[in-house]
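Hi there,

Here is the structure I promised to pass on to you. Have a look at it first, and then read my notes below.

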Amino acid sequence: MALANKKFLPAAEERRRFQRVKVHLLGRYMLPDRREFPCQVINMSPGGLALLAPGIGNVGDRVVAYLDHIGRVEGKITRIIDNGFAMTIGATPRKRDKLAAQLTWLANRDILNLPEDRRHDRIVPRNPIAVLTLEDGTKMTCRIIDLSLSGAAIAAENRPPLKSTVLLGRVQGRVVRNLEDGFALEFMHEQPIETLEESVTAR
């Protein structure tokens, strides 16, 4: 009997080992039918997260999410909550350590009122697909993870060189850093909120 009980210990230890942190992170996620929706993470640990979401799948569905500050995570829906769902995070031990460090920083930032990485709030555009024009005139389709008046995070298979100048729609920007699944742009000039989405998705 003792041996049988031992089979259940790892799962229980897994649940205890990761402490959920209350966070306010925006992002997007994709369900198995490839529909994409914006979302807001309300709590997260290196092993799982809960998010508010307009499109809710079924328990067991695989979800791929792109989150503010965190990047790409994937896992399976474990339960449905009010206006959203909870999911596991499938990650290597190294990725979990990185997530733990990111969550610690986010929690401390909120407690200490540390300044944001960015000068402006980020939004997830209604139409995330855009055209990026590189320095040599080459055009490529990309997906906007999120953007602000001063910059954007871009998901793309090919990363332009750091410090290179590009056009996102009609907006000129500079590549300032690489992300796990793309890169970050800083706009040359702060954009007006009224025309921001129209300008970056202009073709």
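**What I found**

Ile80 comes out as partly exposed, because its relative accessibility is 42%, and partly exposed is the class between under 20% (buried) and over 50% (exposed). Please keep in mind that this is a predicted model.

Ile80 sits in strand E5, which covers residues 71-81. Together with Ile56 and Val59, Ile80 makes a nonpolar surface patch of about 250 Å².

Now for the strands. In general, strands of a sheet pair through backbone hydrogen bonds, in either a parallel or an antiparallel way. Here, six strands close into a barrel, and going around it you meet them in the order E1-E2-E3-E6-E5-E4, with antiparallel pairing. On average, neighbouring strands of this sheet are turned by 45 degrees against each other, direction ignored.

Next, the backbone angles. Most residues other than glycine have a negative phi. Which way does phi of Asn83 go, positive or negative? Positive: phi of Asn83 is near 60 degrees, and Asn83 is not a glycine. You will find Asn83 in the loop between E5 and E6, and Asn83 is exposed because its relative accessible area is 60%.

Lys163 is also a non-glycine residue with a positive phi, about 75 degrees. Lys163 lies in the loop between strand E9 (151-155) and strand E10 (165-168). With 68% relative accessibility, Lys163 counts as exposed.

Enjoy exploring!

Methods: Residues are numbered from 1 along each chain as its sequence is written. This is a predicted model: local features need pLDDT of at least 70, side-chain atom pairs count only at pLDDT 80 or more; totals for chains, interfaces and linings use all residues. Side-chain values use heavy atoms; hydrogens and water are left out. Two strands pair if DSSP finds at least two bridges between them. Helices (H or I, at least four residues) and strands (E, at least two) are DSSP runs, numbered from the N terminus. Axes are lines fitted to C-alpha atoms, for helices over the stretch in contact, and angles run from 0 to 180 degrees between N-to-C directions. Patches are made of residues with over 30% relative accessible area and no salt bridge: like charges are joined within 9 Å, nonpolar side chains (Val, Leu, Ile, Met, Phe, Trp, Tyr) within 5 Å. Accessible areas come from the Shrake-Rupley method with a 1.4 Å probe; for residues, only the protein chains shown count as cover. A salt bridge is a side-chain nitrogen of Lys or Arg within 4 Å of a carboxyl oxygen of Asp or Glu. Buried means under 20% relative accessible area, exposed over 50%, partly exposed in between (1.4 Å probe, protein chains only).
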